[in-house]
Amino acid sequence: MHKARPTIGAVLTPLSFIAGRWTPSPRTVRRAALAALVMSVVIVVTGGAVRLTGSGLGCDTWPKCTDESLIVTREQGFHGAIEFGNRMLTYVLCAAVGWAIVAARSAKPWRRSLSRLGWLQFAIVMGNAVLGGITVLTGLNPYSVAGHFLLATSLITVTTITWQRAAEGDSPARPRVPTPVRRLSWTLIATTLVLIAAGTVVTGSGPHAGDSSEIKRMPFDWAATAHVHAIAAWVVCALAVAMWLVLRVVDAPVDTRARARDLLIVLLAQGAIGYVQFFTQVPEALVAAHMLGSCLVWIAVLRVALSLRERPADTAGIPAQGDPLLAAV
């Protein structure tokens, strides 16, 4: 009996080649997703360190560090080393995202949803690398800097969802709480996005421009924008408290209530840091802590929303999405 030969595309696909020889455990897949999430936070914090040390133009061009050198030179000193080091961390982030993609593709059965999320992460990383280059070439334009941070927040969104989905099945999502509670979570997400966007305006009009030279700032009064940001923070806190109370009233699952509690704790810490940095003339260390807190708040908000539905792995009947290499044999 004639046996179908593998297609050329299947044979030449590196991911198919690896998938045919390695099967990661579900725990490994989730660890790979977590590594991508951790690195997406690390790259935000180290990017903040570049700005807070005035190293934003430590490498004065892109993609090279100087017109003549791909890497940092001795003449560029401390600031050049900081900026170049942050650029190198992008490769570590790519490695983490790559591990997530390979692990998702090699898992048996193959889950296309995880693979697509992994490739979406890669696309965001590449897009943000280009936007980072534009930021350098435009002399740290504050609007480009704000976009750079918001795109990094998009990456955190996708890596958080991927981490959650790696622990679930692929069946349609089933709600764990009534519809009004889920609508409250969407309101919380939207308000938090407004809070984060307002934070970029505070940064863009504030004193930390990212370089010691004369950098253009957003034409807004810094104190006024900080007050708007604080109001948005109070609205988010009120919604988070409401979510915590409502989840107790509807007797939501224990893990869901725990996510709401975690959000309140992170918000409390972030709010304290925010007020202290405002009244102490925004010292660099507290600004860095506040940037980390921004990432953690967003992750906590997403985890609350994701915990309001479930895709049980033991009853999901995860479909064996056809492996192109094996299916062609």
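This is a predicted model: local features need pLDDT of at least 70, side-chain atom pairs count only at pLDDT 80 or more; totals for chains, interfaces and linings use all residues.
Residues are numbered from 1 along each chain as its sequence is written. Local features need pLDDT of at least 70 and side-chain atom pairs pLDDT 80 or more, while totals for chains, interfaces and linings use all residues; side-chain values use heavy atoms, without hydrogens and water.

**Exercise 1.** Determine how many disulfides the chain holds, and describe the geometry.

*Solution.* 
1. Apply the criterion: a disulfide is a pair of cysteine sulfur atoms within 2.5 Å.
2. The count comes to 1 disulfide.
3. Its partners are Cys-59 and Cys-65, with sulfur atoms 1.9 Å apart.
4. The torsion about the S-S bond is -70 degrees, which makes the link of Cys-59 and Cys-65 left-handed.

**Exercise 2.** Classify Cys-59 as buried or exposed, and do likewise for Cys-65.

*Solution.* 
1. Buried means under 20% relative accessible area, exposed over 50%, and partly exposed in between (1.4 Å probe, protein chains only).
2. Cys-59 has a relative accessible area of 0% and is therefore buried.
3. Cys-65 also counts as buried, at 0% relative accessibility.

**Exercise 3.** State which cysteine sulfur is nearest to that of Cys-94.

*Solution.* 
1. The nearest cysteine sulfur belongs to Cys-59 and is 17 Å away.
2. Cys-94 is in no disulfide.

**Exercise 4.** Summarise the burial and contacts of the chain.

*Solution.* 
1. Of the 329 residues, 45% count as buried.
2. A contact requires heavy atoms within 4.5 Å.
3. Among contacts between residues at least 6 apart in sequence, 79% join residues at least 24 apart.
4. The C-alpha trace spans about 75 × 60 × 25 Å along its principal axes.
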